[in-house]
Amino acid sequence: MSNNNQKKRNFQIEAFKHKVVVDPKYADKTWKILEHAIHEIYNHNASGLSFEELYSANHSFQRRKRKARRLTLHGVRRMPRGIEANAYNMVLHKFGEKLYSGLVSTMTFHLKEISKSIEASQGSLFLEELNKRWTDHNKALQMIRDILMYMDRTFIPSTRKTPVHELGLNLWRDNIIHYSKIQTRLLNTLLELVLRERTGEVIDRGLMRSVIKMLMDLGPSVYQEDFEKPFLEVSADFYRVESQKFIECCDCGDYLKKAERRLNEEIERVSHYLDAKSETKITNVVEQEMIANHMLRLVHMENSGLVNMLLDDKYADLGRMYNLFHRVPNGLLTIRDVMTTHLRETGKQLVTDPEKLKDPVEFVQCLLDQKDKYDKIITMAFNNDKTFQNALNSSFEFFINLNGRSPEFISLFVDDKLRKGLKGVSEEDVEIVLDKVMMLFRYLQEKDVYEKYYKQHLAKRLLSGKTVSDDAERSLIVKLKTECGYQFTSKLEGMFTDMKTSQDTMHGFYAAHGPELGDGPTLVVHVLTTGSWPSQTTVTCNLPSEMTVLCEKFRSYYLGTHTGRRLSWQTNMGTADLKATFGKGQKHELNVSTYQMCVLMLFNNSDRLSYKEIEQATEIPSSDLKRCLQSLACVKGKNVLRKEPMSKDIAEDDAFLVNDKFSSKFYKVKIGTVVAQKESEPEKQETRQRVEEDRKPQIEAAIVRIMKSRRVLDHNNIIAEVTKQLQSRFLANPSEIKKRIESLIERDFLERDNSDRRMYRYLA
């Protein structure tokens, strides 16, 4: 270690011992050699240069500088030879400025000669000559840069002059590109070629690419100022004129195709021979001139605009419009607004059309078809855009709630599907239908009204055994529960529990009394829990004596096994199967309602009965009895009774007989009760009244919850918060909320503030 340190301490760098004397004419002589070399390079004679001879010209100088060439700390740097050595020595001997200025003047001289050659070229040869000369200049520049490498690395940085390569580009720019007789001609030639390509001609893209790249190599400002800026201005003029011509002669779909094609052409043009940064700028020009400036005219174009595309399901045209309008400010907003306006107008027509309202099932199916149509459009044409989906949802919510009977009609649609419409349908398809129903259900503002009707219709399906699938029924209840919570469906689930419990009860009844019943009528009783099922007015009728005995046996059995309960018969909700024999011994099994059974059983003991006699014997309410008799005597193919005089309506002076000529190709004949599918106006008012009564405790509960949490709150905020809390079930009426507040004040749940009568306080 000590020896090494000793050696390092002894190492020293000494100054030259010999003074170098330079020939006074050295700089001029050496520059002449270098100048000649640059001339030869530009004249394509570089291969004939004798570097060895050039080297010999300053060989004596090199010999004197031998020691200097050896000097280096960690190695020996070989001194440049020939032309390079001359340039090296000029810089080394402080003649860098002479070398640099000589280079500028020599290159400028040659470039001026080149500009004359380019200027003289005619027609299409102009760009070819320019490109050829540019290529030659680059090659010459590379060779000159190699010769002057030492100057480039030392003299230029120290004096902050322009490096050789950049200098060559700047001189080319100033003497060629910005030469007045070339500059304008170059721009016009390039723009003309672009125009020719736009009009369908084939141009030399390779040559265009080379020339454009030359401009880019000369610096961003050259490309932008000498080409890009005027190119964009000319393009804007071109597309302004073309778009006006297209929009006057094309329909909307064709115009969009042309705009799309032009946009793609410009993107392709950039990829072939323009700067990549120009893509955004030129596409913005096309978008502004061909799309943004004509947006409103396009969407509202008569017979082919957006509304026509929507009506005719033109997915390709709609998708093209979406993609093009997406590129411009407020483009999608324009499409969305027109679509929303159209949807709301057509939806309003649909829900207020008297013809559509005649058939609730068709009414709801039209809504579903409309929703499917626009879902498909949004998926296939509008890229599944969430903003369009939200616009669709808000439009449906708007017009569905314009019709106060929408909740009833949707429930009737479900009833139709679960009674017969889904027979033979796969589970997957059943789920699809139920999901669509739930979609409409979400749009309803009065979900509690739907609940009322749904509960009534479900009760009838369960009691008549006409539901197509228990699994489908339960699946829908699960969906409702997920959507609205347990409270919404607890009573519906209770109905299914009652049906199961009733089966077990009947098994117990027949196990206990089966032997003593013999071959008499068979009784099936559904025991329904009050509160779970729709409230029904208890209407009694006189059952046939055979059934009365059986019913009393069941009452005794049930009350004997369940203490503290009370039974009331709902004869208006039951059904019966009767075996009947007609005139020629023709036998049928008739499926009828309990009321119809009571009427038909009277004819076992009488051949002819008047309306008054039937009414007195059965004590069935008049309106129900008339519908019952109408279905038994006036429906073709189901007329097991004959009415005198014959007419479609039932009068109180009519008489009825058994229709001995009745025949049917079916053994089992179902005789439905003539009943309006929709509620009558009085029934509708009754349902509405029940709904309003059910809402009162819910509104009060919401007010108490809010006030218990907030303690003090003003009137407007209570209204807003109650509405928000209850909107998942119904849209609370502010006047009803106010009434409920007054009721709570009367019952000492709330009090008014003494200083501000619109402020309420919660009383614990």
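A nonpolar core is a set of buried Ala, Val, Leu, Ile, Met, Phe, Trp, Tyr and Cys residues that are joined through side-chain atoms within 4.5 Å. In this predicted model, the largest such core has 83 residues, and those with the most contacts inside it are Phe-325, Phe-382 and Tyr-450. The chain as a whole has 34 helices and nine strands, and of its 764 residues 45% count as buried. Among contacts in the chain with a separation of 6 or more, 70% are accounted for by residues 24 or more positions apart.

**Nonpolar cores**

- In soluble globular proteins, nonpolar side chains tend to be buried together.
- In the core of 83 residues, the largest share comes from helix 21, which spans residues 360-380 and gives nine residues.
- Apart from this core lies another one, of 57 residues, which includes Tyr-42, Leu-103, Leu-130 and Phe-227.
- Tyr-450, one of the residues with the most contacts inside the largest core, touches Pro-407, Ile-410, Ser-411 and Val-414, and also Val-437, Phe-441, Leu-444, Leu-476 and Leu-480, when residues up to four places away in sequence are not counted.

**The second largest pocket**

- The second largest pocket has a volume of about 290 Å³, and of the 13 residues that line this pocket, the closest to its centre are Lys-579, Ala-580, Thr-581, Leu-600 and Asn-604.
- The elements that give two or more residues to the lining of this pocket are strand 1, residues 575-581, and helix 29, residues 594-602, and strand 1 gives the most, with four residues.
- Sorted by class, the lining of the second largest pocket has 10 nonpolar residues, two polar residues and one charged residue.

**Cysteines**

- A disulfide needs a pair of cysteine sulfur atoms within 2.5 Å, and by this rule the count comes to zero disulfides.
- The sulfur of Cys-628 has its closest cysteine sulfur in Cys-598, at 8.4 Å, and this is too far for a bond.
- Cys-628 is buried, because its relative accessible area is 2% and buried means under 20%.

**Buried residues within helices**

- Arg-198 is found in helix 11, which covers residues 180-198, and with a relative accessibility of 6% Arg-198 counts as buried.
- Leaving out residues up to four places away in sequence, Arg-198 touches Phe-231, Ser-235, Phe-238 and Tyr-239, together with Arg-262, Glu-266, Arg-269 and Ile-282.
- His-715 has its place in helix 33, which covers residues 715-726, and His-715 also counts as buried, at 10% relative accessibility.
- Beyond its neighbours within four places in sequence, His-715 is in contact with Lys-738, Ile-741, Arg-758 and Tyr-760.
- Leu-350 lies in helix 19 and is buried, with a relative accessible area of 13%.
- Setting aside its neighbours within four places in sequence, Leu-350 is in contact with Lys-356, Phe-363, Cys-366 and Leu-367.
- Leu-350 and Gln-370, which are 20 residues apart in sequence, are 10.0 Å apart in space when the distance is taken from C-alpha to C-alpha.

**Backbone details in loops**

- The peptide bond that runs from Glu-644 to Pro-645 is cis, with omega near -5 degrees, and Pro-645 has its place in the loop between strand 4, residues 641-644, and strand 5, residues 655-658.
- Asn-330 is a residue other than glycine with a positive phi, near 65 degrees, and Asn-330 lies in the loop between helix 18, residues 315-325, and helix 19, residues 331-352.
- At 54% relative accessibility, Asn-330 counts as exposed, because exposed means over 50% relative accessible area.
- Asn-383 is not a glycine either, although its phi is positive, at about 55 degrees.
- Asn-383 is found in the loop between helix 21 and helix 22, the latter covering residues 386-400, and is exposed, with a relative accessible area of 60%.

Terms used:
Residues numbered from 1 in each chain as written. Predicted model: local features only at pLDDT ≥ 70, side-chain atom pairs only at ≥ 80, totals over all residues. Heavy atoms only, no water. Buried < 20%, exposed > 50% of the residue type's maximum accessible area, 1.4 Å probe, protein only. 1 Å grid on protein atoms, 1.4 Å probe; cavity = no way out; pocket = protein on both sides within 12 Å on 5 of 7 lines; lining within 4 Å. Points joined across faces, edges and corners; volume = space filled by probe spheres on them. Nonpolar A, V, L, I, M, F, W, Y, C, P; charged D, E, K, R; others polar. Contact = heavy atoms within 4.5 Å.
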